[in-house]
Amino acid sequence: MSILETINLIKQFKQYDTVVTAVNRVNLQVEPGEFIAIIGSSGSGKSTLLRIMAGLDRADSGSITILGEDLTKMKPDALNAFRGQHLGFVFQNHNLIPGLTALENILVPTIMCNKISIRYEEHMKKLIKALDIGDRLHHLPSELSGGQQQRVAIARALINRPQILFADEPTGNLDGATAGEVLDLLLSVKELIGQTLIVVTHDLTIADRADKVYQMHNGELYLYKDQSGYRKNSYEENLKRMSGQK
C-alpha cells in the first residue's frame, strides 16, 4: 500500500491577466521507505508540488492521500495537527529562529506537537550523533556555518520522527563538499529512522542516489528513472513521440 498518493493534482496562479498552471494533473504513488527525487528547471512547478504534498499549500483540485488520510479534505487545524504528527520538511534556507540556540530550534516541534510515543531524549541523542552537531547545540544560528545550520534544520525536521520527510533543495545553498556531507547524513538518518524521503533538487548527484527520479516540466510530472535505471516517460521522450521521432 502506498504511503502517499496524488490523483490529478492541479494548482494554478494568476499572473496579471494570465493563469499559470504550476501543477498540472499530477499523479504519483510513493511506497513506504522510498527515496524519491523530483528534478526540473526553475519554474517547472516542482517546489509547488512538494509544498502541496507536504500540506503547506492547498491544491485547487485533485487529492493527496497520506497514510490513508485525504489532506485535501482536512480543515486547517486538522491538517496542522496531521502534519506535526506525520510529516517533516527541510527548507533550502534553513528557516532557523535567530534568537534560539541550535538545541532550542531542534526542540520547537516537540513543544508544538508532543508525541507521547517518542522518547525524545533518546531519539535526540541519536540525531545529534548522526548529524555530528553535538558541539554546536548551544550556539545561535548566526554562529553556525551554512552546513551546520542545515544539519540543525534536518534534526528539527526529524525530531518528531515523521513518516515522510520532504526536502526542498536541501543542499542548494551549500558548496559541493558540504552538500555531499549533508546528503550522506540525510540518507544515513533516513535509514536509521526508516523514513520515506521526497526531495526536490537541481543536483543530479542527489537524483542518482534516489530509488526513483521524476522530472517536472510546465507543471507536468514524468517518471525519469526507476530502480533498474531504465528511463521512461521522460519529458524528452514525450517530445519525440509528439513530433513523430524515433
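The following conversation discusses the predicted model shown above.

User: What are the ground rules for this model?
Analyst: The model is predicted, so local features need pLDDT of at least 70 and side-chain atom pairs count only at pLDDT 80 or more, while totals for chains, interfaces and linings use all residues. Residues are numbered from 1 along each chain as its sequence is written, and side-chain values use heavy atoms, with hydrogens and water left out.

User: How many helices and strands does the chain have?
Analyst: The chain has eight helices and 10 strands. Both are DSSP runs numbered from the N terminus, with at least four residues of H or I for a helix and at least two of E for a strand.

User: And how does the radius of gyration of the chain compare with the globule rule?
Analyst: The radius of gyration is 18 Å, close to the 18 Å that the rule gives for 246 residues, so the chain is as compact as a globular protein of that length. The radius is taken over C-alpha atoms, and the rule is 2.2 Å times the number of residues to the power 0.38. Along its principal axes, the C-alpha trace spans about 60 × 40 × 40 Å.

User: Which strands form the open sheet, and in what order?
Analyst: Six strands form the sheet in the order β6-β7-β8-β3-β9-β10, with mixed pairing. Two strands pair if DSSP finds at least two bridges between them. The edge strands, each pairing on one side only, are β6 (87-90) and β10 (220-225). On average, neighbouring strands are turned by 20 degrees against each other, direction ignored.

User: How do β6 and β7 run, and how many bridges join them?
Analyst: β6 and β7 (residues 164-168) run parallel and are joined by four bridges. L87 stands opposite I164 in β7.

User: Which strands does helix α5 touch?
Analyst: Helix α5 (residues 146-158) packs on the sheet and touches β6 and β7, at about 170 degrees to the direction of β6. Contact means heavy atoms within 4.5 Å. Angles run from 0 to 180 degrees between N-to-C directions, using lines fitted to C-alpha atoms, for helices over the stretch in contact.

User: What does α6 lie across?
Analyst: Helix α6 (residues 176-193) lies across β3 (35-39), β7 and β8 (196-200), running at about 155 degrees to β8.

User: Changing topic: how many aromatic pairs does the structure hold?
Analyst: The structure holds two aromatic pairs. Rings of Phe, Tyr and Trp (its six-membered ring) pair if their centres lie within 6.5 Å; planes under 30 degrees apart count as stacked, over 60 as edge-to-face and the rest as tilted. The F89 and F91 rings have centres 4.6 Å apart and planes at 40 degrees, so that pair is tilted. F89 and F166 are stacked, at 6.5 Å centre to centre with 20 degrees between the planes. F89 in β6 and F166 in β7 are 77 residues apart.

User: Is F91 buried, exposed or partly exposed?
Analyst: F91 is partly exposed, with a relative accessible area of 23%, whereas F89 is buried at 11%. Buried means under 20% relative accessible area, exposed over 50%, and partly exposed in between (1.4 Å probe, protein chains only).

User: Which residues touch the most other members of the largest nonpolar core?
Analyst: I106 and I133 do, among its 41 residues. Such a core is a set of buried Ala, Val, Leu, Ile, Met, Phe, Trp, Tyr and Cys residues joined through side-chain atoms within 4.5 Å. Helix α6 gives the most to this core, with eight residues.
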